[in-house]
Amino acid sequence: MHSTHPVIDPGLTFASVTDKISSIVLKRRTSLAWFFGFAISFALFQLMLLAITNLVFVGIGLWGVNVPIAWGIDILNFVWWIGIGHAGTLISAILLLLRQQWRTSINRFAEAMTLFAVAQAGMYPIFHLGRPWLAYWLFPYPNTMGIWPQFRSPLMWDVFAVSTYATVSAMFWFVGLIPDFATLRDRAKSKPFQMVYGLLAMGWRGSARHWHRYETAYLLLAGLATPLVLSVHTIVSFDFAVGIIPGWHATIFPPYFVAGAIYAGFAMVLLLTIPLRKFYGLEGFITMRHMHNMAKVMLATGLIVGYGYIMEAFFGWYSGNKYERYMIWNRMHGPYALYYWALILCNIITPQFLWSKKLRSNLVVLWILSFIVSIGMWLERFVIVVTSLHRDFLPSSWGMYQPTVWDWSMFIGTIGFFFTLLFLFIRFLPMISIFEMRTILPEAEVDE
Amino acid sequence: MADDRDKTRSGNGHGQGDDVTPSPRHPATASHFHHRHAHPLYGVMAEFEGPNELIDAARQTYEAGYRRINGYSPYPIEELSEAIGFTHSRLPLIVFIGGLLGGIGGFLMQYWIEVIDYPINVGGKPYNSWPAFIPITFECTVLVAAFSAVLGMLVLNKLPQPYHPVFNAPNFALATRDRFFLVVEASDPRYDHDKVTELLKSFNAQEVSDVEI
């Protein structure tokens with residue numbers, strides 16, 4: 001892939017890379033804009049806590065879910081958030097294995113995004129249980145009731161997949177941070193910062209023997225995270241595909257869900273990095289090359305998702321099954337048709353603009369396109385979850401679904417929580433991996 | 001441990017020995033006490049401007065017969081660990097065993113629960129409906145392998161280790177910024193303070209200094 005834009009500003013050195021990235025955390029005065037953004041996010045986070053408290057006290061009737069639509073936007077949001085997380089793992093693990101140097105300046109940030117998105121996702125199924133205080137029943141532990149979980153259920157697979165994913169992502173992120181904690185420890189001026197970063201760095205001193213094992217561990221983790229991320233969204237799609245509901249029971253689901261997850265995730269990475277790189281003056285690290293590459297990944301995965309929609313319609317027609325045919329007809333012409341066509345507009349039409357290099361280079365356009373794609377991926381899950389459930393085999397069990405104010409509060413609240421974590425992250429941790437940036441500098445070239 | 005490290009170049013040893021904090025029982029302890037120093041020495045350290053200078057110096061020091069040597073750099077350098085004779089790590093084996101145990105353990109857990117302890121007939125399917133157990137088996141494999149990778153790396157590196165003698169060296173805080181260091185440890189069987197200092201001074205080093213314990 002030839003591009004005129006470099007991966008990193010050629011004028012940078014070991015010292016300037018280190019100082020520039022660590023000064024965001026250590027020296028730069030916390031700006032008013034940061035406080036403003038954090039305050040709004042934190043307020044919305046309080047809304048989430050309120051919504052959850054009320055839900056636990058009153059019960060799940062507070063949400064608009066009821067038979068036949070027992071899943072509603074809460075499971076939809078679970079899928080949406082976890083899908084967003086997948087881009088982080090793709091950038092940090094898969095692109096590492098493919099030796100894509102451009103991943104270096106965005107992997108730390110994308111991994112943080114993964115972790116925070118998975119934290120939001122994980123809450124939904126737990127509170128959707130109705131009795132969240134019994135969530136530990138999902139894990140196999142010897143108990144006096146003498147019962148065990150049912151491992152043939154995709155919902156149990158989900159428990160294992162999501163908890164493994166969260167754990168491995170957190171470890172991968174932390175391991176990546178250890179050498180940078182050491183950098184911050186050695187740069188920090190105040191005692192408390194030195195102590196905290198020092199504790200986190202665990203005595204890292206850049207020994208050649210340590211680096212050797214560190215690189216081995218990092219590479220192995222990347223190799224493990226790669227099939228893991230594919231398995232997680234495959235298993236999320238099994239939550240649907242293993243059921244017999246028309247609109248769920250389709251073999252296209254696993255690849256189409258994984259592509260959709262990467263699509264949504266890259267949209268979110270762009271949505272966040274475009275303002276961030278501008279605000280913190282990181283154009284030398286996150287160059288136009290990154291923007292172009294991410295836009296291309298978005299275009300490619302968007303086309304796969306588009307193929308998925310076409311195949312769903314084709315399967316419905318070609319199956320000759322009247323329930324399947326009705327499901328597709330109902331999506332296009334039923335009471336939720338607006339959602340379906342909005343989805344087609346957001347997810348199939350919108351990414352086509354990315355074919356144009358001129359539009360890809362315009363960051364405002366790119367940001368707007370990413371925003372539309374994020375909405376489109378939310379609509380996709382709405383169509384899959386709600387439209388499929390609301391009219392299945394028997395007209396006597398048909399129904400309609402309306403999310404309540406508490407559904408929306410929870411959703412908006414998790415967005416607040418996500419941004420709260422993100423604001424704290426960019427304030428207290430290096431948002432670009434400092435030691436990995438050093439490895440791609442011209443200075444690091446070893447002559448043989 | 002010193003013998004273990006000697007083997008690393010020839011490839012038959014695993015070379016897990018590290019820049020250990022010198023133990024008072026170690027036979028080489030005598031050489032820690034140099035006549036001109038009130039404190040025992042950890043070793044002699046040379047400071048370099050760039051990766052190439054460090055790699056060259058490390059190679060020559062290794063060729064001069066020193067084995068308890070170590071390089072310090074702000075980012076991983078493959079050539080450096082080769083230069084000091086550290087090319088083999090047990091970590092991949094540990095991760096493989098971890099993954100294997102995770103996978104077998106995950107499957108056996110499901111088998112025992114669904115077939116032996118709590119059999120439930122689901123639609124007349126066999127109790128050992130193994131294809132349905134594969135997703136969780138896979139997740140357990142990845143989980144235990146990942147834990148093995150992270151904990152294995154930390155344990156083999158003897159981390160966390162808040163105190164280490166090299167932190168006493170002047171300018172060592174720059175090892176996490178833009179400086180490169182080479183240390184010949186006093187526990188090296190061939191260690192002789194004056195000879196080592198002379199050797200390190202013969203390289204293109206910024207500064208050569210003693211590292212106190």
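Chain B is built from 6 helices and 4 strands. What you're looking at is a predicted model, and chain B has a partner in it: 59 of chain B's residues are in contact with 51 residues of chain A. Chain A, by contrast, has 15 helices and 0 strands. Below is a quick tour of each chain, then of the place where they meet.

**Chain B on its own**

- Walk along the sequence of chain B and the elements come in the order α-β-α-β-α-α-α-β-α-β.
- Of the 213 residues in chain B, 43% are buried.
- Among contacts in chain B with a separation of 6 or more, 75% join residues 24 or more positions apart.
- Helix 4 and helix 5 of chain B pack against each other, with axes that come within 7 Å and cross at roughly 150°.
- In that pair, helix 4 of chain B passes helix 5 of chain B in a right-handed crossing.
- The contact between helix 4 and helix 5 of chain B has 14 nonpolar residues, 11 polar ones and no charged ones.

**A buried spot in chain B: Val184(B)**

- Look for Val184(B) in strand 3 of chain B, which covers residues 180-185.
- Val184(B) counts as buried because 27 other C-beta atoms lie within 10 Å, and the cut-off for buried is 20 or more.
- Leaving out residues up to four places away in sequence, Val184(B) touches Gly43(B), Val44(B), Thr61(B), Tyr66(B), Ile69(B), Tyr191(B), Val196(B) and Leu200(B).
- Ala46(B) sits 138 residues from Val184(B) along the chain, yet their C-alpha atoms are separated by 8.8 Å.

**Chain A on its own**

- The C-alpha trace of chain A spans about 70 × 60 × 45 Å along its principal axes.
- Buried residues account for 48% of the 448 in chain A.
- For chain A, 82% of the contacts with a separation of 6 or more are between residues 24 or more positions apart.

**Helix 7 meets helix 8 in chain A**

- Helix 7 (residues 208-241) and helix 8 (residues 253-279) of chain A have axes that come within 8 Å and cross at roughly 125°.
- That angle makes helix 7 of chain A oblique to helix 8 of chain A.
- Helix 7 of chain A passes helix 8 of chain A in a right-handed crossing.
- Helix 7 of chain A brings Leu230(A), His233(A), Thr234(A), Val236(A), Ser237(A), Phe240(A) and Ala241(A) to the contact, while helix 8 of chain A brings Phe253(A), Pro254(A), Phe257(A), Val258(A) and Ala261(A).
- By class, the contact of helix 7 with helix 8 of chain A comes to 9 nonpolar, 3 polar and no charged residues.

**A buried spot in chain A: Cys346(A)**

- Cys346(A) belongs to helix 11 of chain A, residues 337-349.
- With 22 other C-beta atoms within 10 Å, Cys346(A) is buried.
- Not counting residues up to four places away in sequence, Cys346(A) touches Ile372(A), Val373(A), Ile375(A), Gly376(A) and Leu379(A).
- Leu394(A) is 48 residues from Cys346(A) along the chain, and their C-alpha atoms are separated by 32 Å.

**Where the two chains touch**

- On the chain B side, helix 2 (51-63), strand 2 (69-72), helix 3 (78-83), helix 4 (91-117) and helix 5 (134-156) each supply at least two residues.
- Helix 5 of chain B gives the largest share of that side, 12 residues.
- The side of chain B that touches chain A divides into 38 nonpolar, 13 polar and 8 charged residues.

**Helix 7 of chain A against helix 5 of chain B**

- These two helices pack at an angle of about 160°, with their axes 10 Å apart.
- Helix 7 of chain A and helix 5 of chain B are therefore roughly antiparallel to each other.
- Helix 7 of chain A passes helix 5 of chain B in a left-handed crossing.
- Residues of helix 7 of chain A in this contact include Arg213(A), Tyr214(A), Leu221(A) and Ile235(A), and those of helix 5 of chain B include Pro135(B), Phe138(B), Met153(B) and Leu156(B).
- The contact of helix 7 of chain A with helix 5 of chain B has 16 nonpolar residues, 1 polar and 1 charged.

How values were computed: Residues numbered from 1 in each chain as written. Chains lettered and ligands numbered in written order. Predicted model: local features only at pLDDT ≥ 70, side-chain atom pairs only at ≥ 80, totals over all residues. Contact = placed C-beta atoms within 7 Å. Nonpolar A, V, L, I, M, F, W, Y, C, P; charged D, E, K, R; others polar. Buried ≥ 20, exposed ≤ 12 C-beta atoms within 10 Å, placed from the backbone. Axes fitted to C-alpha atoms, helices over the stretch in contact; angles between N-to-C directions. Parallel < 35°, antiparallel > 145°, perpendicular 65-115°, else oblique. Left-handed = near helix turned anticlockwise from the far one by under 90°.
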